[in-house]
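Reader: I have a model open on my screen and would like to talk through its features. Could you take my questions one at a time?

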Amino acid sequence: YLITPGEEMVSSLREEGSAEEETLAAELRWVGKNFPAKKYARVFLDHGGQLAQMSQDKHPGKKDGAEWLRVPEVAEVISRWRKEVPGEVELLFLQQCGKGTLENSHALKDTARYVMGSQTRVGAPNGYYVPALRHVCAHPEIDGRELAKRILAGEVESMFTTYTVLDAAALAKLPDHLNAALAPLLALGEKVAPLPEGPIAPLCFDFTPDERFYDGLRLLEALYEANGLDGGPLDTFKTWVGKELVAAHRVSPAQKKT
């Protein structure tokens with residue numbers, strides 16, 4: 001669907017299954033052919049499922065058709081498309097429940113300059129569309145980080161708990177920084193102390209009994225404390241996360257009251 005102040009146009013792709021990578025690739029080719037631009041942003045709507053699942057299609061349109069897109073395959077499709085279009089893909093936004101995990105964000109590091117997602121559930125309908133799009137129309141020169149901030153500012157309190165925007169260039173360096181924080185724990189080998197009983201970190205997203213997503217920094221803090229480790233390497237990692245990796249972040253004011 002193309003909606004502008006002057007017209008509304010609907011084009012149909014022969015591909016029907018919206019949870020198939022081939023359909024996504026065809027859609028992106030259509031966008032690149034019909035709308036050459038200096039800057040692009042890609043927003044995925046619909047449900048988030050297990051760790052790698054996204055964009056559920058409950059009615060695939062053919063027998064045994066795919067019901068979920070998968071983050072690693074989506075990353076490959078968009079990364080290839082990013083190299084083909086004339087402009088830059090400034091922002092990739094997964095407007096879906098529980099998709100803002102470290103694993104997904106790192107998998108998407110080559111898809112855009114900035115990657116945005118929610119570690120928790122996302123509501124609907126969302127309220128940022130009108131103010132964010134109006135700002136883009138008035139200021140087409142903005143980059144992906146500024147667009148993400150406009151989305152954060154325009155979203156209504158009841159529609160989200162927290163959104164995080166990550167710098168893709170920093171995401172590429174994540175393994176090295178994370179390895180440095182893990183090194184003191186790995187050096188303990190079999191002598192590593194177990195975690196204390198009971199919850200050690202807040203539950204961010206619970207999709208199935210087999211997959212629950214927790215706060216990774218809280219987990220590392222608990223492991224350091226349980227093993228009496230010097231907190232220097234972990235503090236260095238946390239500082240890097242706050243200054244380099246996280247480009248923008250907002251917690252809903254409604255959630256701060258609870």
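This is a predicted model: local features need pLDDT of at least 70, side-chain atom pairs count only at pLDDT 80 or more; totals for chains, interfaces and linings use all residues.

Reader: Which side chain meets R212 in a salt bridge?

Author: The side chain of D206 does, with 3.3 Å from N to O. D206 counts as partly exposed, at 28% relative accessibility.

Reader: How many salt bridges does a search of the whole structure find?

Author: The search finds 9 salt bridges. One of these joins R42 to E27, with the closest N and O atoms 2.6 Å apart.

Reader: Which parts does that pair tie together?

Author: R42 lies in strand β3 and E27 in helix α1, so the pair links parts that are 15 residues apart in sequence.

Reader: Let us change topic to pockets. How much space lies in the largest pocket?

Author: The largest pocket holds about 2300 Å³ of space. Its lining consists of 48 residues, and Y1, E27, A41, R42 and V43 are the ones nearest its centre. Both partners of the salt bridge between R42 and E27 are therefore among the residues nearest the centre of this pocket.

Reader: Which element gives the most to that lining?

Author: Helix α4 does, with 7 residues. At least two residues each come from β1 (2-3), α1 (21-34), β3 (39-44), α4 (129-138) and α5 (144-154).

Reader: What is the division of the lining into nonpolar, polar and charged residues?

Author: The lining of the largest pocket has 29 nonpolar, 9 polar and 10 charged residues.

Reader: What about the second largest pocket?

Author: About 1100 Å³ of space lies there. The second largest pocket is lined by 37 residues, with Q119, Y214, D215, G216 and L217 nearest its centre. Helix α8 (residues 216-226) supplies the largest share of that lining, 5 residues. By class, the lining comprises 21 nonpolar, 11 polar and 5 charged residues.

Reader: Which residues make the nonpolar surface patch?

Author: V43, L45, Y129, V130 and L133 make a patch of about 410 Å². Helix α4 gives the most to the patch, with 3 residues. L133 lies in that helix and is exposed, with a relative accessible area of 54%.

Reader: Finally, the backbone. Which peptide bond is cis?

Author: The bond from A124 to P125 is cis, with omega near -5°. P125 sits in the loop between β7 (114-117) and α4.

Reader: Which residues have a positive phi without being glycine?

Author: Among them are S55, at about 55°, and D64, at about 60°. For context, most residues other than glycine have a negative phi. S55 lies in the loop between β4 (53-54) and β5 (69-70), and D64 is also placed in the loop between β4 and β5. S55 is buried, with a relative accessible area of 9%, whereas D64 is exposed, at 72%.

Note on methods. Residues are numbered from 1 along each chain as its sequence is written. Side-chain values use heavy atoms; hydrogens and water are left out. On a 1 Å grid over the protein atoms alone, a cavity is a set of points where a 1.4 Å probe fits but cannot get out, and a pocket is an open set with protein on both sides within 12 Å along at least five of seven lines; lining residues have an atom within 4 Å of a point. Grid points are joined across faces, edges and corners, and a volume is the space filled by probe spheres set on the points. Helices (H or I, at least four residues) and strands (E, at least two) are DSSP runs, numbered from the N terminus. Ala, Val, Leu, Ile, Met, Phe, Trp, Tyr, Cys and Pro count as nonpolar, Asp, Glu, Lys and Arg as charged, and the others, Gly among them, as polar. Patches are made of residues with over 30% relative accessible area and no salt bridge: like charges are joined within 9 Å, nonpolar side chains (Val, Leu, Ile, Met, Phe, Trp, Tyr) within 5 Å. Accessible areas come from the Shrake-Rupley method with a 1.4 Å probe; for residues, only the protein chains shown count as cover. A salt bridge is a side-chain nitrogen of Lys or Arg within 4 Å of a carboxyl oxygen of Asp or Glu. Buried means under 20% relative accessible area, exposed over 50%, partly exposed in between (1.4 Å probe, protein chains only).
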